[in-house]
Amino acid sequence: YLTNRPQFVRAKNCVSDLMTCSVGAPQGTVLKRFSDNIKPFSAFLTDTFGRRHSYLRISLTEKCNLRCQYCMPEDGVKLTPKAQLLSTAEILTIARLFVHEGVNKIRLTGGEPLIRPDVVDIIAELRKLEGLKTIAVTTNGLNLARSLPRLKQAGLSHINISLDTLVPAKFEFIVRRKGFHKVMESIDKAIEIGYNPVKVNCVIMRGFNDDEVLDFVALTEKKPVEVRFIEYMPFDGNKWNFKKMVSYQEMLDQIRQHWPDIGMLQTGPTDTSKTYQVPGFKGQVGFITSMSEHFCGTCNRLRITADGNLKVCLFGNTEVSLRDVIRSGASDEELLQIIGAAVGRKKKQHAGMFNISQMKNRPMIFIGG
Ligand SMILES: C[S@@+](CC[C@H](N)C(=O)[O-])C[C@H]1O[C@@H](n2cnc3c(N)ncnc32)[C@H](O)[C@@H]1O
Ligand code: SF4
């Protein structure tokens, strides 16, 4: 199939519907699709290593109602003036273009995405995009319970809720705000309303919550949730150090001592999580091993920051402003050329964790995870 063949992957002159290709084929050759039902994956979203970027994460806001220690620098962050943030129309223009080129999953993140007043309208508009199969949100869960029915009705298909501790007092320490019970209520409401599994993102940090790994696994006995243990990652201002990071292997060893028969589940080729289940438990646990075992080889993600920059790698600091291109009046084709060039520059893999911790990058709150 055409786009499986490396010599064609960078064929930027290929357009999605009828492909007139100038790379590896005589000038102007028209290459027919094998099936009218299968659209070839966009060359603009395919990088030089053949990775097809079908998953877009869009940050809806830089603002947040929590101040998590691992995400928000202690002194806070200087927010970008509103006029420099993407408008709703610009977000939808970008989403439309990416979905047209083959993106089938969009995750809305932030900051706290549910703070954005028109988040339900954005989801309802995304829902209309043909080819978009998954609309997900990552939220701290503080405002989720009451808006869940409207979000579901609008078309939200998947939910990740962040929760790093099951101890209310510790919650206040880690996120520097109150709200533990609201988050728990949101998790229960999301289960009740039919999301399955509800994913619970849990960043494990030594000396903070590494003593709660087993309690989080125990939570999956009765609740159909997938607790995702995330290795603590370095970003600007989050005081990361190697000693605070608890690796996947260390967590798994700890869990195995208690539940020796925990078994690994099969995951999809682009899944970043290694998933396990204790036999008989309703839920499961996953590990996001960004630090100890990166998954760059199968990376299919691109990110748009709230101020409209395209980020091709979470740990890369090169960005290109799609906002500026859109505001200059560029056509979709011109915008695609710029996106394609940025994707084409994506490196095979990101630097190792020590180099990342020395590197200048945005604070996580400006990226969105
Ligand atoms: C930046 S938040 C944005 C969405 C929302 N406010 C939330 O907390 O779910 C997205 C995810 O990134 C995770 N995250 C933030 N900083 C992190 C870090 N330093 N290492 C690992 N994960 C981090 C959070 O736990 C959260 O699950
Ligand atoms: S992790 Fe989410 S909730 Fe916590 S400060 Fe960052 S954006 Fe806010």
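Is Asn361 buried or exposed? I counted 20 C-beta neighbours inside 10 Å, so Asn361 is buried (20 or more other C-beta atoms within 10 Å; exposed means 12 or fewer, partly exposed in between; C-beta atoms placed from the backbone).

I noted that this is a predicted model, where local features need pLDDT of at least 70, side-chain atom pairs count only at pLDDT 80 or more, and totals for chains, interfaces and linings use all residues. Residues are numbered from 1 along each chain as its sequence is written, with chains lettered from A and ligands numbered from 1 in the order written.

**Asn361.** I placed Asn361 in the segment after helix H11 (353–358) (helices are DSSP runs of H or I, at least four residues; strands are runs of E, at least two; both numbered from the N terminus). I then looked up its contacts (C-beta atoms, placed from the backbone, within 7 Å). Leaving out residues up to four places away in sequence, Asn361 touches Phe235, Asp236, Phe315 and Asn317. Phe235 is 126 residues from Asn361 in sequence, yet their C-alpha atoms are 6.3 Å apart.

**Sheet.** I found an open sheet of 12 strands with mixed pairing, in the order S9-S10-S11-S8-S7-S6-S5-S4-S3-S12-S13-S14 (strands pair if DSSP finds at least two bridges between them). S9 (263–264) and S14 (319–321) are the edges; each has a single partner strand, so one side of each lacks a neighbour in the sheet. I checked S13 (residues 309–311) against S14: the pairing is antiparallel, over 3 bridges. Lys311 stands opposite Glu319 in S14.

Conventions. Contact = placed C-beta atoms within 7 Å.
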